Amino acid sequence: MNKVDPQFSREIAGIRNAITRSNKTDYVTTYTEKEFFNGKTTVERVLIMRTRGCSWSYHSGCSMCGYWDDTNPDIGKRELENQLTSFLRDYPNGEVLKIFTSGSFFDPIEIDPVLQFEIIEMVLRGYTNLIVESRPEYIRKVLGNLKKYGGRIQVAMGLESTDPSILKNSVNKNYDFDDFKEAASALRENGISVRTYLLLKPPFLTEREAINDSIKSARDLAPYSDFISINPMNIQRGTLVEKMYREGNYRPPWLWSVVTVLQSLRDVEVPIVSLITASGKKRGAHNGHTCDRKFSEGIRNYSETLDFSYLDGLKCDCKETWKNFSEVEEEAGVAMSEVMLND
Ligand SMILES: [Zn+2]
């Protein structure tokens, strides 16, 4: 790995922008990443827009989400228009554009409802496909207008898990599998494809519980999804998860666990990838061993091609350490970090 992990740069951008949070005029960042999309390895451009942020984060927010770091409460329609215009001036066309907003693209408070569709129109003049993210509660209102872009827009929803207790107690998501199913079905009935994010290892889960939860969740939601992305936890600034991590009560998942989840789902017909933020780093999924780079590359190569040989070829002696860690946790009946294990 001789380049900066593109998703890791998103985290860096967050830290950087915390220092200049008064910024209203510039989008957060743009970069490219590769993914197996539309049946082939595709280079996708990512644009992270700076908005007022997720409305849920103003009320409470999810336990792992530090994306408010990239937001500014005073950003309105004009600032968003300017961000998009300046982005499209530099990057007018391509195959796939992903727009992330650190919130929901279809939240009318975050992005003016008229502007939402102006953005879609402008982007689809130069790009073949557009991927945006949204919580499910905003979908119903935009369906009528969204319909005509069927086949060219994909809506990503971060369900994280299908387990109601994990969503409520570990993630604090404030929506559940039923809400997701309703929105996903409505989108697909109108020709809009659905991408679903799962969170590997929400807080309070042991390594084994986390693996089982992601496997079960992916199987549960596959019938409602056109694309699944397994996102292993990365520790973001100013979150509950960061607090637990600092106190020695949380460890991000092992890369072994990511591989296990992906391998266990090989019979699922929906494409499943895992683009890992801070892979191999302490704050991201890691084995904590010399194999971290090899595993990160293997998972990345798999996610770009869906070729399981990249995962099946991953071997290392630290598999025993990972298994022991899991067993100690199960015996203790509680999620642990290495700090606790070494005490
Ligand atoms: Zn190893």
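Keep in mind that the model is predicted.

Let us start with the whole chain. The protein chain contains 14 helices and eight strands. Its radius of gyration is 19 Å, close to the 20 Å that the globule rule gives for 343 residues, so the chain is as compact as a globular protein of that length. Along the principal axes, the C-alpha atoms fill a box of roughly 55 × 40 × 40 Å. Of the 343 residues, 47% count as buried. Among the contacts with a separation of 6 or more, 73% come from residues 24 or more positions apart.

Now look for the sheet. Strands of a sheet pair through backbone hydrogen bonds, either parallel or antiparallel. Here, eight strands make up an open sheet, and their order is β1-β2-β3-β4-β5-β6-β7-β8, with mixed pairing. The edges are held by β1 (29-37) and β8 (272-273); each has a single partner strand, so one side of each is left without a neighbour in the sheet. To see how β8 is attached, find strand β7 (residues 227-232), which pairs with β8 in the parallel sense over two bridges. In this region, Ser229 stands opposite Val273 in β8.

Helices also meet this sheet. Helix α8 (residues 207-221) packs on the sheet and touches β5, β6, β7 and β8. The direction of α8 makes about 165° with that of β6. Another helix, α7, lies across β5 (153-160) and β6 (193-200), and runs at about 170° to β5.

Helix α7 has a helical partner as well. Two packed helices are described by the angle between their axes and the distance between the axes. For helix α5 (residues 139-146) and helix α7 (residues 177-189), the angle is about 5° and the axes are 10 Å apart. Angles under 35 degrees count as roughly parallel, and α5 and α7 are therefore roughly parallel to each other. Where the two helices meet, α5 brings Ile139, Arg140 and Leu143, while α7 brings Ala183, Ala186 and Leu187. Sorted by class, this contact has five nonpolar, no polar and one charged residues.

Finally, which residues of α10 are buried? They are Leu255, Trp256, Ser257, Val258, Val259, Val261 and Leu262. With seven of its 10 residues buried, helix α10 (residues 255-264) is therefore largely enclosed by the rest of the structure.

How values were computed: Residues are numbered from 1 along each chain as its sequence is written. This is a predicted model: local features need pLDDT of at least 70, side-chain atom pairs count only at pLDDT 80 or more; totals for chains, interfaces and linings use all residues. Helices (H or I, at least four residues) and strands (E, at least two) are DSSP runs, numbered from the N terminus. The radius of gyration is taken over C-alpha atoms; the globule rule is 2.2 Å times the number of residues to the power 0.38. A residue is buried if 20 or more other C-beta atoms lie within 10 Å of its own, exposed if 12 or fewer, and partly exposed in between; C-beta atoms are placed from the backbone. Two residues are in contact if their C-beta atoms, placed from the backbone, lie within 7 Å. Axes are lines fitted to C-alpha atoms, for helices over the stretch in contact, and angles run from 0 to 180 degrees between N-to-C directions. Angles under 35 degrees count as roughly parallel, over 145 as roughly antiparallel, 65 to 115 as roughly perpendicular and the rest as oblique. Ala, Val, Leu, Ile, Met, Phe, Trp, Tyr, Cys and Pro count as nonpolar, Asp, Glu, Lys and Arg as charged, and the others, Gly among them, as polar. Two strands pair if DSSP finds at least two bridges between them.
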